[in-house]
Amino acid sequence: MKARIKFRKYGVLKFIGHLDVMRYFQKAMRRADIPIAFTGGYSPHMIMSFAQPLGVGITSDGEYLDIELTERICSEKAVSQLNRVMAEGIDIVSFVEIPDDKKASGMTVTAAADYRVFLLESGRSSDVRLCIPEKWRAGIPDFLNQEQAVVWKKTKKSEKEVDILPMIYEMRADAESIYLLLATGSEQNLKPDLVMEAFLNYMKEPARPLHYHRLDIRARKEDGTLVPLSDMGTEIL
């Protein structure tokens, strides 16, 4: 059977990269006695995959790891055992069963992610935050109502001009933060820093220190609604 783990990443652990997070969870699985399956062959490794890994420096309340199990373990027990071996900076939120179908994997079903963007007093710390300027809040509707917002988007293989507006599903702000709901996944993938760079350029504002916090990763249901990846699974009793 397959299971999906939802976890939070915060504090100093926001500075470790994806490969280190993967090694961290490999050790945590052993320490927590989670019955995770291994690949065959001469060099077996744990069967696990992450949905849209975070960039360095970004915190999150909704990260996901899919694993394959050799036997059932109830959700409550798995969460408890994993949290007992977690270091400060990563908390396990949920542990649910998902279909065995490859099309149900987190990497495949991911369609969007939402974020909160905070304005910082200084790039030295993400703890001291400023209010979002009224000018920014008033400018968001005009930014979204443009015919297009073309930016240079870099990929691993190339760099090209892309209109990012169709990939911004929602953008709004209050005094504390800017909320972004963005296309995320294998078909379309838009990062929040690219949106803010385009927005500040539109507002003719200089670059400012910002902190990005991911709220959740979402899948699109048949009726078009976007739900957290954890909602695509069921609790193991």
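Is Arg137 buried, partly exposed or exposed? At 28% relative accessibility, Arg137 counts as partly exposed. That value, like the others here, comes from a predicted model, so please read this tour with that in mind.

**The protein as a whole**

The protein has five helices and 13 strands. Its C-alpha trace spans about 55 × 40 × 35 Å along the principal axes. For 237 residues, a compact globule would have a radius of gyration near 18 Å, and the 19 Å found for the protein agrees with that. Of the 237 residues, 46% count as buried. The accessible surface comes to about 13100 Å², and 49% of this belongs to carbon and sulfur atoms.

The contacts also tell you how the chain is folded together. Among contacts between residues at least 6 apart in sequence, 70% join residues at least 24 apart.

**Helix α4 and its two sides**

Arg137 belongs to helix α4, as does Glu134, and the two are three residues apart, about one turn of the helix. Their side chains meet in a salt bridge, with 3.6 Å from N to O.

Which residues of α4 are buried? In this helix, which covers residues 134-144, they are Trp136, Gly139, Ile140 and Phe143. Seen down the axis of α4, these buried residues fall within an arc of 130 degrees, so they line one face of the helix. They pack against several elements: the strands β5 (110-120), β9 (168-173), β10 (178-183) and β11 (210-220), together with helix α5 (192-202).

Tyr115 has 4% relative accessibility, and since buried means under 20%, Tyr115 counts as buried. Leaving out residues up to four places away in sequence, Tyr115 touches Ile178, Tyr179, Leu180, Leu182, Pro192, His213, Arg214 and Leu215.

**Salt bridges**

How many salt bridges does a search of the whole structure find? The search finds 12.

| Asp91 | Arg8 | 2.9 Å |

The side chains of Asp91 and Arg8 meet in a salt bridge. This pair links distant parts of the chain, with Asp91 in strand β4 (residues 90-98) and Arg8 in strand β1 (residues 2-9), 83 residues apart. Asp91 is partly exposed, with a relative accessible area of 24%, and Arg8 is partly exposed too, at 28%.

Arg172 has 44% relative accessibility and counts as partly exposed. Elsewhere, salt bridges that share partners join Arg8, Asp61 and Asp91 into one network.

**On the surface: a nonpolar patch**

Val12, Phe15 and Val56 form a nonpolar patch on the surface, and together they have about 340 Å² of accessible area. Val56 has 56% relative accessibility, and exposed means over 50%, so Val56 counts as exposed.

Most residues other than glycine have a negative phi. Which loop holds Asp33? Asp33 is in the loop between α1 (18-31) and β2. Although Asp33 is not a glycine, its phi is positive, at about 60 degrees. Asp33 counts as exposed, at 60% relative accessibility.

Lys204 is also not a glycine, and has a positive phi of about 55 degrees. At 74% relative accessibility, Lys204 counts as exposed.

Technical notes. Residues are numbered from 1 along each chain as its sequence is written. This is a predicted model: local features need pLDDT of at least 70, side-chain atom pairs count only at pLDDT 80 or more; totals for chains, interfaces and linings use all residues. Side-chain values use heavy atoms; hydrogens and water are left out. Buried means under 20% relative accessible area, exposed over 50%, partly exposed in between (1.4 Å probe, protein chains only). Helices (H or I, at least four residues) and strands (E, at least two) are DSSP runs, numbered from the N terminus. The arc is that of the directions from the helix axis to the C-beta atoms. Contact means heavy atoms within 4.5 Å. Patches are made of residues with over 30% relative accessible area and no salt bridge: like charges are joined within 9 Å, nonpolar side chains (Val, Leu, Ile, Met, Phe, Trp, Tyr) within 5 Å. Accessible areas come from the Shrake-Rupley method with a 1.4 Å probe; for residues, only the protein chains shown count as cover. A salt bridge is a side-chain nitrogen of Lys or Arg within 4 Å of a carboxyl oxygen of Asp or Glu. The radius of gyration is taken over C-alpha atoms; the globule rule is 2.2 Å times the number of residues to the power 0.38.
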